[in-house]
Amino acid sequence: MIDLGYFALCLALVTAGYAVATAAMGARQQNVALMRSGENAALAICGLLTVSVIGLWYALLTHDFQVEFVAENSNRSMPLGYTISALWGGQNGSLLFWGWILSLYTAAVVLVNRHRYRPLMPYVVATMTATSFFFIVLNLFAADPFVRLPFTPADGNGLNPILQHPYMAIHPPMLYTGMVGMSVPFAFGLAALFSGQLDRNWLYACRRWMLIPWTFLGAGLLLGGKWAYVELGWGGYWAWDPVENASLMPWLAGTAFLHSIMIQERKGMLKMWNMVLVLLTYFLCILGTFITRSGVISSVHAFAKSNVGSYFAVFLTLITLLSVGMIWYRRESLRAESRLESFASRETVFLLNNWILLSMLFAVLWGTLFPLISEAFTGEKITVGAPFFNQVNVPIGLVLILLTGAGPLFAWRRTSTESLKKNFTVPIAGGLAVGGLCAILGVRDGYALVSLTLCAFVVLAITGEFHRGTLARQHSTAESYPVALFRLCHKNRRRFGGYMVHLSLVMLFVGFTGQAFTTERDLVLTPGANAEVGDYHLTFETLAQKEDARRDVVAAAVTLTRGGAFLSTLLPQRHFYKNVDQPTTEVAVYASWREDFYLVLVGWDPKDSSAKFKIYINPLVNWVWAGGVAFVLGALWCMWPTSRDRRLAALDRRTSQGLPAGDWDAQKRGIEV
Amino acid sequence: MRPRSLLPTRYVLWCLLALGLLSRSVAAATPEQLREVTQELVCLCGTCNHESLTSCICGFAEGQRQDITQALDAGKTKEQVIAQLIDEYGRMVLATPPAEGFNLMAWLAPFALLGFGLIVLRTVLVSWRRSQTAATSNPNPASGAAPQPGDYEERMRRELKNYEAD
């Protein structure tokens, strides 16, 4: 199976070369047979890489420790789930996994668009298979997961213990699906530049294919946060680690793109800017991967150092040159006539949105790279830690949340003073009321007050949009309120799905604000001892130890009560894996909507069995996770195919098959708003 | 299966490292004083990636916190403690770049770009507005005939109609 996997990888390389060549030639010569051949080759790559991945999985599951990757990242005692997830637990396997996801995306794009976007498709296929080619080269020459050892070890080293966690089994695939998926909008962008077909088609395709990876990336980021929260034991979920930043940056750029394309769709403006954004998003994905994989910046996520970094540096340079060159080449076609009817318009707010998202992106990028820059100039190593990112990004984030609510209240073209007054009065009054209430209730942190005020403002602003829309619909349809609300959201999926995402952002911000009120305590308790933390009462019952084939587990049993009422028995643990010095942490959390009681077992004294605990009371953390769920639901609502999408697709199919579609252009115009 | 004591030596050693100083930490310095110092520092143990020294739970960080507590107990000020750590580990021990010299750039650049972006934005908007005024003096039917969207219901009806095709 291993040989088969390796052989499939080699064949995939040849096939990818063939696919790039035929798709590009097909496009140049307008030769349909060549284009189709390129597409079929793209499907073949997917099949071959699937065989390759199955080969590696087979080696993992059969404990073929002669394979270096298997010996380094798995062992006999690991449960089945982690043996499967070990595929992306190490550098080489995760790159193969990356290439495989890319080939799945390519196959999906080819199959979905057999009859659509025909002028663009050969270029899309060429771009995506060229990217595949790069990853296969990487896997064959720099990060071969099928390399064999000269001997067969009796057992493997096992997966890094901190990765042996359910969230770590799903967080990387989510993130990869997000990062890799950004290559699709990138490919459509480049295809538009190459073909010169810079009409709305590429934009329409890009938006759809951007939404999917963007959602995965957002969900992946939050799952990573959840993992850090329960596994690393420092009481938080976001540490501004370089790798976290690396996946946040493309998400920010993608968010900017999803907003500013609306201006181009409506008014044909910002053609150049949107192209830059879509290419930038992908650039940031590869830059992030380069940062992670090359070890240029230290990180908890850092993989073993290897020359993979230099491959990525070359790839990064190539896509930059290609992107900049093609935009320059098409600069005349990307020029657009731009007009603004009023400063008080949706257009202005969207530009403000782009400004704030890109400023945040730059702040994150700058902070991530600054240790390198500073060392290059001054020769001194310095740290740019979480307090820096918080201090810089909190004010920027507050402007962002303000725009989240204010944006939808502005109309396209111009907003009259009366409607501004009408739309803003309630949200502003409500926001100030909530802010005042918080101040009276004893909130003294300035940022937190502003944040809560703005959150209330946004909730009122957005729900106001739902409410007014529903009333307007009721006015003309005589539907009941819930039916009208549902139909309104259903008929305007994009718009109201977007609003749902805005509301999820409020939930996230409420959760973030909670961080201003975190309290922290260190306690040393002997068995049977009690302590009070906040209004919680805890009793340290006992310390227990057990051993299984994988690890030794030390757990403390702590009974938690509040006001005499039993809440939970918490079992914070430390796990000592074989062959690993540092123990991993398993935090115990008692969570409610108000706050989390977060308990870490730091250590213990073998003499008197006393244990040392670290306790955090983290307000409002559940709002972050709930916001994450709401984000995914809102995004799904947005991207769910509508009847309009289906009709457009059907029209395209008829025309590409040469069937009479009636007055096709007129129909299409009627459908495309 | 070989017999094992309740607490195998391997991690007795580890937790002694982490907690061996437990018995003598009869701290005069309050947890708040300790936190004031540690929140400006990171853990430099090499495996936990510059975690804040306040929250890092590795053995190295525990030891550092003990040392800092002792230094505070001995009457040293926060500044003296930090200065001593900088002597020992370099300025990498600070959680944020010191706001002086070249490193001031770290703090200024994000806000400089924010301001610069705002200026660019303003310029763009003004020029767009100008081309609109130039165009309306030469009226074109598309923009001239557009209804004034002041009335929300009118706007809503129009947009609903727009989306009917969904």
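**Exercise 1.** Which residue follows helix 4 of chain B, and near what value is its phi?

Solution. Helix 4 of chain B is followed by B:Gly90, with a positive phi near 85°. Helices here are DSSP runs of H or I with at least four residues, strands are runs of E with at least two, and both are numbered from the N terminus. The model is a predicted one, in which local features need pLDDT of at least 70 and side-chain atom pairs count only at pLDDT 80 or more, while totals for chains, interfaces and linings use all residues. Residues are numbered from 1 along each chain as its sequence is written, and chains are lettered from A and ligands numbered from 1 in the order in which they are written.

Next, the helix itself. Helix 4 of chain B covers residues 78-89. The expected span of a helix is 1.5 Å times one less than its number of residues. For these 12 residues that gives 16 Å, and the end C-alpha atoms are 16 Å apart, so the two values agree.

Last, the rest of the chain. Chain B has seven helices and zero strands, in the order α-α-α-α-α-α-α from the N terminus. Of its 166 residues, 27% count as buried. A residue is buried if 20 or more other C-beta atoms (placed from the backbone) lie within 10 Å of its own, exposed if 12 or fewer do, and partly exposed in between.

**Exercise 2.** Into which domains is chain A divided, and how many Å separate the centres of domain 1 and domain 3 of chain A?

Solution. The bounds come from an automatic or database domain assignment. Domain 1 of chain A is 1-164, domain 2 is 169-177 + 200-377, domain 3 is 390-516 + 623-671 and domain 4 is 517-620. Taken over C-alpha atoms, the centres of domain 1 and domain 3 of chain A are separated by 39 Å.

**Exercise 3.** Describe how helix 1 and helix 2 of chain A pack, and the loop residue A:Gln30 between them.

Solution. Start with the axes, which are lines fitted to C-alpha atoms, for helices over the stretch in contact, with angles from 0 to 180 degrees between N-to-C directions. The axes of helix 1 (residues 2-29) and helix 2 (residues 32-61) of chain A come within 7 Å and cross at roughly 165°. Angles under 35 degrees count as roughly parallel, over 145 as roughly antiparallel, 65 to 115 as roughly perpendicular and the rest as oblique. Helix 1 and helix 2 of chain A are therefore roughly antiparallel.

The crossing of helix 1 and helix 2 of chain A is left-handed; that is, the near helix is turned anticlockwise from the far one by less than a right angle, whereas clockwise would be right-handed. The contact of helix 1 with helix 2 of chain A has 23 nonpolar, nine polar and no charged residues. Here Ala, Val, Leu, Ile, Met, Phe, Trp, Tyr, Cys and Pro count as nonpolar, Asp, Glu, Lys and Arg as charged, and the others, Gly among them, as polar.

A:Gln30 is exposed, because 10 other C-beta atoms lie within 10 Å.

**Exercise 4.** Is A:Phe457 buried or exposed, and is A:Ala478 buried or exposed?

Solution. A:Phe457 lies in helix 16 of chain A and counts as buried, because it has 26 C-beta neighbours inside 10 Å. A:Ala478 lies in the loop between helix 16 and helix 17 (481-491) of chain A. With 9 other C-beta atoms within 10 Å, A:Ala478 is exposed. Its phi is positive, about 60°, although A:Ala478 is not a glycine.

Then place helix 16 beside helix 18. The axes of helix 16 (residues 446-477) and helix 18 (residues 493-514) of chain A come within 10 Å and cross at roughly 160°, so the two are roughly antiparallel. Helix 18 of chain A is mostly covered, with 20 of its 22 residues buried.
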